[in-house]
Each structure stands twice: as C-alpha cells, then as structure tokens.
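Subject: Structure handover and notes

Hello,

Here is the structure you are taking over, with my notes below it. Please keep the model open while you read.

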Amino acid sequence: MMDNMELISLIVITVLGCVALFLFLQRKNLCRPPCIEGWIPWIGAGFEFGKAPLEFIEKARIKCGPIFTVFAMGKRMTFVTEEEGIDVFLNSKHVNFELAVQNPVYRTASIPKNIFFTLHEKLYLMMKGKMGTFNLYQFIGPLTEELHEQLENLGTHGTMDLNNLVRHLLYPVTVNTLFSKGLFFTNKRKIKEFYQHFEIYDEGFEYGSQIPEWLLRNWSKSKRGLLALFAKNIPDIKAYKSAKDNSVAIMQAVLDILEMETNEQSPNYGLLTLWASLSNAVPIAFWTLAFVLSHPDIHKAIKKDISSVFGTAGKDKIKVSEDELKRLLLIKWCILEAIRLRAPGVITRKVVKPVKILNYTVPSGDLLMLSPFWLHRNPKYFPEPELFRPERWKKANLEKHAFLDCFMAFGSGKFQCPGRWFALLEIQICIILILYKYDCSLLDPLPKQSDLHLVGVPKPEGQCKIEYKQRI
Ligand code: HEM
C-alpha cells in the first residue's frame, strides 16, 4: 500500500511535470509567429479565409504584424510580408517549391507523386529553355499569324464582353502555338466542349487543388473531359512535330520526356501545361486592355506609337518584328503594370527544416506564403501603389530582362515561371494587333477584381463591354 508521503510526492511530481510541459509548449508557441486558427477543429479559420482571401491576408497583417500563421483546412500557412521573411522565402535552403506543389499537382492533374518528383526538374528546364529569351523570337511569327487569323472572326465592328473577346483570341492562339495547330479548335462542337470544360476547370482549380475530387462533381467531370480531349489527341500532337519539324512547340517535348522516362503517354502533363499557359496570361491581357482603354492619355500615346511603327491603315495583315516590338516599349510597360496590379494572390514553399524569421521560428511542415499581390502594393517599393503608372517601368532594365525590385508576379528563384517571356510577348502582339486594327472603347467602367482565389491572378468581377470598329 502506498503511504501518504508517497502519494503526495507522486501528485507533486505529476503537477510539476504538467507545469513544465505547459511552459515548454508555451515557450515553443511563443517562438512561433502569431496564429489565427479559428475554433472549428481542422477547418480552423477556413471559412473566413475562404470568403475573401486577399482581404483576409491584409487584415491579418495589420492585426498580427509582418509575419503570421493562418490555420485552415488542416494546414498551417505562414505568411511573410517584409524583407526578412521574403529573403528566407526566396533564398533559404530549408524551404522547397516541389514539396509545396506536389499535392495540388496530384489533385488537379492526377500526376502521381513519384512521377512528379522524377520529372519535375527535367520538364521545367526544357520549358525554360524553349520559352527563354534566346528562343523567344521564334514565337513572333506564329503568334502574329495566329492572332490575325482569330481577329478575322471579330469582323469589322461589334460590341462584346472584353473577357470573352480576349478568351476567344488567346485560347486558340496559345493552344495552336504551344501544343499543336487545331488541337481543340477544329469544329464548333469541339470548341464549345473545350470552352465549357476549361472554364469550369479553371474556376474550380483552387478548390480542386485542396479538396478530394469526389466532393467536386462538376469540376471532376470537366477535368476528366479535358484529359480525354488530350488523350485522344496525343497521336496528332506527336505527328504535328514530324510534319512541321517545329522546334517551337513544347508539348511534343513534354511527351518525349514522359515517354523516355516513364514509357507512358499520359495526357496529364498536357492538362497542367494548358492550365498554366492560359489561366494567368488571358486575364492579364484583359486587365491590360481594360487599364489602357480606361486611361485616355495612355491609350492615345499607344495609338500614336503604333501608327509611327506600322502606319495607320488598320486593314493590313501587318508582320511584327523583334525590332518593332522594341520600339513599342510603352505597351510592354502597360502589360507589366497591369501584372503588378493584378499579381497572383500567393506563391508558396514548404518549410523542410525550421527557419528563423525576425524573432520567430517557423516549424517544418508549414507552408510559407508570399503574396505578390500585396507586396506590389507596398509603397516602400512601389510609390502610389494603387495607381496605374506604366512609366514606373522606365527604371527596369528590360533589355537585360530584369524586372523592378520586389516585382514577384512570376515567382522567383529556381522555379520562376518558365512562360513569363512568352506571356509578355503574346500579350504585347495581341494588344498591338487589336489597337492597330480597331478603334476601341470601353462601354463600362473598369471592373473590380474578384477576391475568390489566391492561386493565380485575380479575374474581373462582372461584365465589361468593349466596342470595336475597324480603322480605315
Ligand atoms: C502573365 C502571365 C503569367 C503569370 C502571372 C504567371 C505566374 C506564375 C507563377 C507565380 C508561377 C509560380 C512560380 C513560383 O512559385 O516561384 C508560375 C509557374 C509556372 N508557369 Fe507561369 N505565369 C504566367 C504565364 C505562363 C505561361 C504563358 C506559361 C506557358 C506555358 C506558364 C507556365 C508556367 C509553368 C509550367 C509553371 C510551373 C513551373 C514549375 O513547375 O516549376 N506561365 N507562373
């Protein structure tokens, strides 16, 4: 039998043990950034965060300071907003891109983990090379030709939702240039099927990257529809290469690497590349046109530049050269300024070993998040950040392919967006040809950006009509 003394000692030891454990946990938590975790288990702050994520991040920064954690849907996301954190995000060996995106890649394109890790770097380097600044000039001809072809469909004049207009131009132009001509755009039924599927897939991409597919029936159907479209076309994509011996098209190179490394011909990487190539570039073309057309002085200056390079006859199917593009710098500045103001909500890395930021330790397993959207609104780096001021890009050394400091819309570091130069080129030619061919004006005010998604650039909310009339 235990005597009284023994019992008291046991209680004292237990109490001291609990206090020690409590202090230890508290100290550990004290070292961690402040955390917004809500009160519902697992879901955490998920509901408030999901309602308007961009606004949530800014409010959290004001409340909690430059580094804070949001616990939502079982994940800890630690946001960094100032130099110290950004430096760790960009340069630390203890944070990893591939581990942060592997799961979303699996959910959205059904690419198995082992295949993703085996192929990612190889595919990335191939794309970076093919769409890099050395090879970029090869795209000018095909892009111009494709754009002329699509512009023909607009007729001599009309009124249209601007979002629809840029989609109907750039979806086929991008697919025909990067994948293979006529892949999804051969007959009306196929075109309609593609638009319907892609719209749903793109809209639900963020949910699809986090929630099991069986909970998103409609999205899952569109995902499978797009995969089936690709699967059916794999032989055509491969044949396109041999018919044209075209060193530009990248989809064949993706298929070649896949076949070499895995002995498979899966359509999954096609879907992922398709999404990456359309989901940001197309809304940016929208925003650039919308900003330009709602700033009459800038619109006028651009029209003058275009006339000085190409003349005024809007009917001609002009050819565009590298040299002429260099002379139309204002358009490039407008695109970059539109991207600055409508940059992706977040980019992300996984912490693989605890990292120190300011006085805090961010534990391994956290997702480290950086918001280009908010970074681009820091007046320290971009004075009068809310204003559309293309001239601020005068300071960027674009000849040397450098952006402005702290411009992070294409991510940064080892796996910076490999399609960035292609996107800029495609949008630049698109805008030149539209404004060369047509007199355009907006019939609605500049729309608001939607605050529904964090992945990728914000899309417009509601309609914005454009009126266009062929110049004579
Ligand atoms: C204005 C348009 C675009 C924007 C704002 C944009 C932005 C981004 C961002 C932020 C990332 C992640 C980088 C990081 O976390 O550091 C990314 C990755 C990527 N982008 Fe873009 N992008 C654009 C256009 C394109 C185009 C036209 C393509 C063409 C194929 C493309 C292909 C990719 C690919 C394949 C990746 C993944 C890279 C990897 O897996 O390592 N992007 N992009």
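Is methionine 73 buried, partly exposed or exposed? Methionine 73 counts as partly exposed, because it has 15 C-beta neighbours inside 10 Å. Here a residue is buried if 20 or more other C-beta atoms lie within 10 Å of its own, exposed if 12 or fewer, and partly exposed in between, with C-beta atoms placed from the backbone.

Two remarks on how to read the notes. Residues are numbered from 1 along each chain as its sequence is written. This is a predicted model, in which local features need pLDDT of at least 70, side-chain atom pairs count only at pLDDT 80 or more, and totals for chains, interfaces and linings use all residues. Helices (H or I, at least four residues) and strands (E, at least two) are DSSP runs, numbered from the N terminus.

The six-stranded sheet

Six strands form an open sheet with mixed pairing, in the order S1-S2-S3-S9-S6-S4. Two strands pair if DSSP finds at least two bridges between them. Strand S1 (35-36) and strand S4 (95-96) are the edge strands, each of which pairs on one side only. As background, strands of a sheet pair through backbone hydrogen bonds, either parallel or antiparallel.

Strand S2 (residues 67-72) and strand S3 (residues 75-80) run antiparallel and are joined by six bridges. Opposite phenylalanine 68 stands phenylalanine 79 in S3, and opposite valine 70 stands methionine 77 in S3. S3 and S9, on the other hand, pair in the parallel sense over four bridges; valine 80 stands opposite leucine 370 in S9. S3 is largely enclosed by the rest of the structure, because five of its six residues are buried.

Methionine 73 lies in the loop between S2 and S3. The hairpin of these strands has two residues between them, and methionine 73 takes a positive phi near 50° there. Glutamate 384 also has a positive phi, of about 45°, although it is not a glycine. Glutamate 384 is found in the loop between helix H18 (372-375) and H19, and it is exposed, with 9 other C-beta atoms within 10 Å.

Helices on the sheet

Helix H5 (residues 97-109) lies across S4, strand S6 (347-351) and strand S9 (367-370), running at about 110° to S6. Axes are lines fitted to C-alpha atoms, for helices over the stretch in contact, and angles run from 0 to 180 degrees between N-to-C directions.

Leucine 99 belongs to helix H5 and is partly exposed, with 15 C-beta neighbours inside 10 Å. Leaving aside its neighbours within four places in sequence, leucine 99 is in contact with Lys350 and Val352. Contact is called when the C-beta atoms of two residues, placed from the backbone, lie within 7 Å. Leucine 99 and valine 352 are 253 residues apart in sequence, but 8.7 Å apart in space, C-alpha to C-alpha.

The three-stranded sheet

Three strands form an open antiparallel sheet in the order S5-S11-S10. Strand S5 (157-161) and strand S10 (438-442) stand at the edges with a single partner strand each, so one side of each is left without a neighbour in the sheet. The twist averages 20° from one strand to the next. Five bridges join S5 to strand S11 (residues 465-470), and the two run antiparallel. Histidine 157 has lysine 469 in S11 as its bridge partner.

Helix H7

How many residues does helix H7 (residues 137-152) have? H7 has 16 residues and reaches 24 Å from its first C-alpha to its last, close to the 22 Å expected at 1.5 Å a residue. The expected span is 1.5 Å times one less than the number of residues. Among the buried residues of H7 are Phe139, Leu143 and Leu147. The buried residues of H7 pack against helix H8 (162-178) and helix H19 (420-437).

The ligand

The ligand is surrounded by 25 residues, of which the closest are Asn280, Gly411, Phe415, Cys417 and Gly419.

Regards

How values were computed. Near = placed C-beta within 6 Å.
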